[in-house]
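Thanks for coming. I will go through one model today, element by element, and keep to what can be read from the coordinates.

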Amino acid sequence: MTSTDASPAIAPPPVLAEVVRSGFTEGRHRGSLVLLAADGSVERAIGDPAAPVFPRSSNKPMQAAAILRAGLDLSGERLALAAASHSGEPFHLDLVRTVLAEHGLSADDLQTPPDLPLDPVEAEAYLAAGHVRERITMNCSGKHAAMLAVCVRNGWDTATYLDPAHPLQVLVAQAVAEAAGEPVAAVGTDGCGAPLMAIGLTGLARAFRSFVLAEPGSAERRVADAMRAHPAYVAGTRRADTWLMSEVPGALSKMGAEAVQAVALADGRALAFKIDDGSARALGPVLARALALLGVDAPVVARIGRAPLLGGAAEVGEIRATF
């Protein structure tokens, strides 16, 4: 018996990275990627970078720009932290508490889910010290502190600051669409509870490009400059975003959950990609290869791309890019 209403087969995304153990390919990571030339044109596309994705925390620079547009006067480390997925190191948590206190708020006002530090080393130390999961320890607490602070600044309701209809979140949606140069395709809820706007990877790369090329003094340029001047506050001392922004002059870099990454270079070259299965272990090799294709020649690229596989205590393979 045959069916006339069967859906046409959809080709899977291309392989971006493979897992090679002892010379045997034991796994593959598929996804889509786009590289933009300095003039903003698409230099290379793999998969379907026009298809909408949830950029997750790669949207944070746009969220921070919306906070500035709404009138909150942030700069330096505070602004970098507003765009952060921080590691939960003591200096991150101290500054979150400071930002909250400066606006008459406390960690109890945060609506982030209780969590451990994002960095495994910090999480082990945190647990060893007898601590439990807290809202402030969640990696998005810097963004949430800034969101609450701008609500206080404008007299907006702080209890509903994560509602998509809240004035702040309406501004965020506008900032995302403007930076990406395309309409928001869908609105969901991020892991931290904040509204999450879907755009294509090409739009995400355009957004990062627009931030590094924005006029000095604009909200977008202020966010980019703060992130690049204080990269440890954007990520942490053991994170690829920090390394890249510290060692490649003018680079703006931000990862997102479910294996999303966006980078823009000072001259407007940019990239964005998503690993389809959400595996973060493929991020480094794919990012390093994409940077190399954009012409970035710096020791940090090899450091980011190194993803060894162990057999016992010995290195027996690697995760490597395939494009």
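What follows is a walk through strands, cores and a few single residues.

First, the ground rules. This is a predicted model, where local features need pLDDT of at least 70 and side-chain atom pairs count only at pLDDT 80 or more, while totals for chains, interfaces and linings use all residues. Residues are numbered from 1 along each chain as its sequence is written, and side-chain values use heavy atoms, with hydrogens and water left out.

I start with β8. Helices (H or I, at least four residues) and strands (E, at least two) are DSSP runs, numbered from the N terminus. Buried means under 20% relative accessible area, exposed over 50%, and partly exposed in between, with a 1.4 Å probe and protein chains only. Five of the five residues of β8 are buried, so β8 is largely enclosed by the rest of the structure. In a regular strand the side chains alternate between the two faces of the sheet. Here Val260, Ala262 and Ala264 are buried on one side, and Gln261 and Val263 are buried on the other.

What does β8 pair with? Two strands pair if DSSP finds at least two bridges between them. β7 is joined to β8 by five bridges, and the two run antiparallel; serine 253 has valine 263 as its bridge partner in β8. With strand β9 (residues 270-275), β8 again pairs in the antiparallel sense over five bridges, and alanine 262 stands opposite alanine 272 there.

The one formed by β7 and β8 has three residues between the strands, and glutamate 258 in its turn has a positive phi of about 60 degrees. Glutamate 258 is not a glycine, despite that positive value, and it counts as partly exposed because its relative accessibility is 41%. The hairpin of β8 and β9 has five residues between the strands, with glycine 268 in the turn at a positive phi of about 105 degrees.

Serine 22 is another non-glycine residue with positive phi, near 55 degrees. Serine 22 sits in the loop between β1 (15-21) and β2 (24-36), and is exposed at a relative accessible area of 59%.

Now β11, residues 314-321. β1 and β11 run antiparallel, joined by five bridges, with alanine 17 opposite alanine 321. Strand β10 (residues 308-311) also pairs with β11 in the antiparallel sense, over four bridges, and leucine 310 has glutamate 315 as its bridge partner. Two residues lie between the strands of the β10 and β11 hairpin, where glycine 312 takes a positive phi near 70 degrees.

There is also an open, antiparallel sheet of three strands in the order β4-β6-β5. Its edge strands, each pairing on one side only, are β4 (52-53) and β5 (186-189). Helix α7 (residues 201-212) packs on this sheet and touches β4 and β6, its direction making about 105 degrees with that of β6. Contact means heavy atoms within 4.5 Å, and axes are lines fitted to C-alpha atoms, for helices over the stretch in contact, with angles from 0 to 180 degrees between N-to-C directions.

Next, the interior. A nonpolar core is a set of buried Ala, Val, Leu, Ile, Met, Phe, Trp, Tyr and Cys residues joined through side-chain atoms within 4.5 Å. The largest has 67 residues, of which Leu204, Phe211, Val223 and Leu252 touch the most other members. Apart from it lies another core of 33 residues, including Val263, Ala282, Leu283 and Val300.

Two histidines to finish. Is histidine 86 buried or exposed? Histidine 86 is buried, at a relative accessible area of 0%, and is placed in the loop between α2 (76-82) and α3 (90-102). A polar contact is a pair of N or O atoms within 3.5 Å; within protein, one must be able to donate a hydrogen and the other to accept it, and residues adjacent in sequence count only if both atoms are side-chain atoms. The side chain of histidine 86 has a polar atom 3.1 Å from the backbone nitrogen of glycine 88, and that side chain reaches the backbone oxygen of methionine 138 at 3.3 Å.

Histidine 29 belongs to strand β2 and counts as buried at 3% relative accessibility. Its side chain makes a polar contact of 2.8 Å with the side chain of aspartate 277.
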